[in-house]
Amino acid sequence: MLKIAMIAALLMIGCSDDSGKSGPSENNANNTNNTNNTNGSTTGEGGERPSFATYNVGLAVGFVPLAEERKDAVVSAVSEIDADVICLQEVWLNQVEDEWRQDNIDAIIAATQATHPHAYYQIGEVESAVGCTEEEVAPLETCVLGACDGVPDGELSGCVIQNCSTEFGAVSSDCSSCLVGQLGNPFEDIKAACVGSTQSAYYSNGHNGLLLLSKTPLEDQFYEEMEAVQVARSILAATTTLPSGDEVRVYCNHLTAEITGVEYPGDEFDSYEAEQKVQVERLIELVGEETLPTVVLGDFNAGPADEGLDAELPANYELYMNAGWTNVFLDVYTGPACTYCSSNTLVDSTTDKAIDHVFVVNAEPIAARGDLLFTETVDVEGAQSHISDHFGVRVIFDF
C-alpha cells in the first residue's frame, strides 16, 4: 500500500511479451496450508491442477522500507513460486539520476525464465509539468528537516505522513505530485528537482508496477488505464491455456489505496474510497463481459472483516460479492488469512487485513489448497525482515 498523494494527467503506452516453452509441475496436492514452501502441490490424480498466485513485492523506494536492500530476496522468492500464473504488483521502475530503468522487471523476468517464460507488462510514458515554488515548499522543508532528520531516504514518506501531513497538505497539487515523484532521494535533492523546474507527476514515472508471469503463452493481451489521481492504476489481462489443458482468462491489477492521514487530493472524486469504487465498477464490468473461466488476481486494497481480520473499504469489497465473484482463497483457507499484517516487520500498523485476493468468475472451482506465501523473515542487511510488506497468496484448484 502506497502512503502518499499525487495528482496529474497521464498518457501511457508500450508493452512487452516474452515467449518460450514451459515445463510441468512435479509435486502432489496437499490440504490447505500456511507456508513459505512455494514449490509444492500443483498436481493430482487427474494430472495438472490449475494454480494461481498474487504477490505485492513492495519494491517501492521511498514508500516501503528496505526496497533496494530487499530486491535480491524478492527476485529469489518470486523465482520459487510454483503456480501456473503469477500476478505481481509494485515491481516499480527505479530512477538513476534522470533515467528511469526497468531493472526490477528485468531481474524478475530473468530469474523466472526457466519456469515462467511468458511475461506481460506495460510501461507508460508521462507527459507532465509539475513543480513547486520556494515559498510553498518552505514550511514543509522546515518540518521535514526538524522531524525527519536522520530518517533513511526510503522511509521519508512515512515520516512526513506522521509528522508533517499538515505542511504537505498545504502545498499545491502540482507541488505534491512533483515531490512524491522524487521519493527515494534525500529531501534536499527532492526540493532541488522540484523548485524552479518540472518533473513527472506520478510515482515511478507513471508506471503501474504490474507484472504478469505465466508458464504458458499469454494471448489476447489487454491493457486499460483506470481513473486515478495518485499512483497510475491499470488493468492487465490475457488468455492462457494452462498445463492442465484449461483455457482461462486472467486479470492482474492493483487498485487505489486508502491513505490514512492524507487528505484526498483530487477534484474528480471526494475520497480515495470513491476513486477506488469507480475502478472496482470498471473491473467488474470488464470481467462481466468474459465468457471463459476468469481468474482475477491482485492487491485490491479492500477486504472483509472476518476471523482475525479488520475490514478495509468493505463497501467496495462487497461489490465483488454482489457481482457473484468467488474469493476462492478466503473460502478454502483455514485461519486468519491476513495479507497486510501487523506482524510484518515492514508494516507500521496495528490492524490485520486481507486485501490481496484470488477471485474466480464464470466457474465453480473446487479449491484443493490455499497458501499464504513468505510469512517468515529472511536476513536483509544483517537483520531479520520480511521479503515484502505483503504476504503472497496462492490457490490450487480444479475447474
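**Exercise 1.** Is His 254 buried or exposed, and which side chains does the side chain of His 254 make polar contacts with?

*Solution.* 
Step 1. His 254 has a relative accessible area of 2%, so the residue is buried. The classes are: buried under 20% relative accessible area, exposed over 50%, partly exposed in between (1.4 Å probe, protein chains only).

The model is predicted: local features need pLDDT of at least 70, side-chain atom pairs count only at pLDDT 80 or more, and totals for chains, interfaces and linings use all residues. Residues are numbered from 1 along each chain as its sequence is written, and side-chain values use heavy atoms, with hydrogens and water left out.

Step 2. Locate the residue: His 254 is found in strand β13 (residues 247–254). Helices (H or I, at least four residues) and strands (E, at least two) are DSSP runs, numbered from the N terminus.

Step 3. Look for partners. The side chain of His 254 makes polar contacts with the side chain of Arg 233 at 3.4 Å and with that of Asp 299 at 3.1 Å. A polar contact is a pair of N or O atoms within 3.5 Å; within protein, one must be able to donate a hydrogen and the other to accept it, and residues adjacent in sequence count only if both atoms are side-chain atoms.

**Exercise 2.** Which residues form salt bridges with Asp 371?

*Solution.* 
Step 1. Apply the criterion: a side-chain nitrogen of Lys or Arg within 4 Å of a carboxyl oxygen of Asp or Glu.

Step 2. The side chain of Asp 371 meets that of Arg 369 at 2.7 Å, N to O. Arg 394 also forms a salt bridge with Asp 371, with the closest N and O atoms 2.6 Å apart.

Step 3. Arg 394 lies in strand β20 (residues 392–398) and Asp 371 in strand β17 (residues 366–373), so the pair ties together parts that are 23 residues apart in sequence.

Step 4. Check burial. Asp 371 has a relative accessible area of 0% and is buried; Arg 369, at 3%, counts as buried. Arg 394 is buried as well.

**Exercise 3.** Where do Lys 277 and Glu 281 lie, and how many residues apart are they?

*Solution.* 
Step 1. Both lie in helix α8, 4 residues apart, about one turn of the helix.

Step 2. Lys 277 is partly exposed, with a relative accessible area of 36%, and Glu 281 counts as partly exposed at 36%.
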